[in-house]
Amino acid sequence: MPRRRENRCPVCGTKVNEPVKTWQLVSPIPDKKGRITITIMGIFQCPFCGHKWRGVVSKIKVGTGSVEVGGKEFSEEEEKRPPKVIELDLSDLEEEEV
């Protein structure tokens, strides 16, 4: 079960919903499954006491065939279908050109 990120002021404990500013950090090294981790960071400001701090807004793991957002994994399942066979008779092509 994914851990829920709750941003509370470290000084007074007031819950802050939205960050003032956000930016992305991209991990240069992939994990065991070959996925790259993108961490969305944010600056939060307490509406009660005015204290500012940095914290993680969310994490996304993107890679080969799957995406993980907030601990929940979504996979790309491609439908395997047989290739389409097109048969051409060269004699039919010659007759059309004449």
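Trainee: How many aromatic pairs does the structure hold?

Mentor: It holds one aromatic pair, and the partners are phenylalanine 44 and tryptophan 53, whose ring centres are 5.8 Å apart with 25 degrees between the planes. This is a predicted model, in which local features need pLDDT of at least 70 and side-chain atom pairs count only at pLDDT 80 or more, whereas totals for chains, interfaces and linings use all residues. Residues are numbered from 1 along each chain as its sequence is written, and side-chain values use heavy atoms, with hydrogens and water left out.

Trainee: What makes valine 16 count as buried?

Mentor: Valine 16 has a relative accessibility of 7%, and buried means under 20% relative accessible area, exposed over 50% and partly exposed in between (1.4 Å probe, protein chains only), so valine 16 is buried. Phenylalanine 44 and tryptophan 53 are both buried as well, yet of the 98 residues of the protein, 15% count as buried.

Trainee: Which residues make up the largest nonpolar core?

Mentor: That core has five residues, namely Cys9, Val16, Phe44, Cys46 and Trp53. The term stands for a set of buried Ala, Val, Leu, Ile, Met, Phe, Trp, Tyr and Cys residues joined through side-chain atoms within 4.5 Å. Leaving aside residues up to four places away in sequence, valine 16 is in contact (heavy atoms within 4.5 Å) with residues including Phe44, Cys46 and Trp53, and phenylalanine 44 touches, among others, Val16, Pro19, His51 and Trp53.

Trainee: Are cysteine 46 and cysteine 49 buried or partly exposed?

Mentor: Cysteine 46, with a relative accessible area of 3%, is buried, whereas cysteine 49 has 37% and is therefore partly exposed.

Trainee: Why is E1 called hardly covered?

Mentor: Among the six residues of E1, the count of buried residues is zero. E1 (21–26) follows the segment in which valine 16 lies, and it is one of five strands that accompany one helix, where helices (H or I, at least four residues) and strands (E, at least two) are DSSP runs numbered from the N terminus.

Trainee: What makes E1 and strand E2 a pair?

Mentor: Two strands pair if DSSP finds at least two bridges between them, and E1 and strand E2 (residues 36–45) are joined by six, so they pair, in this case antiparallel. Across these strands, valine 26 stands opposite isoleucine 38, and tryptophan 23 stands opposite methionine 41. E2 also pairs with strand E3 (residues 52–62) in the antiparallel sense, over 10 bridges, and there isoleucine 43 stands opposite arginine 54.

Technical notes: Rings of Phe, Tyr and Trp (its six-membered ring) pair if their centres lie within 6.5 Å; planes under 30 degrees apart count as stacked, over 60 as edge-to-face and the rest as tilted.
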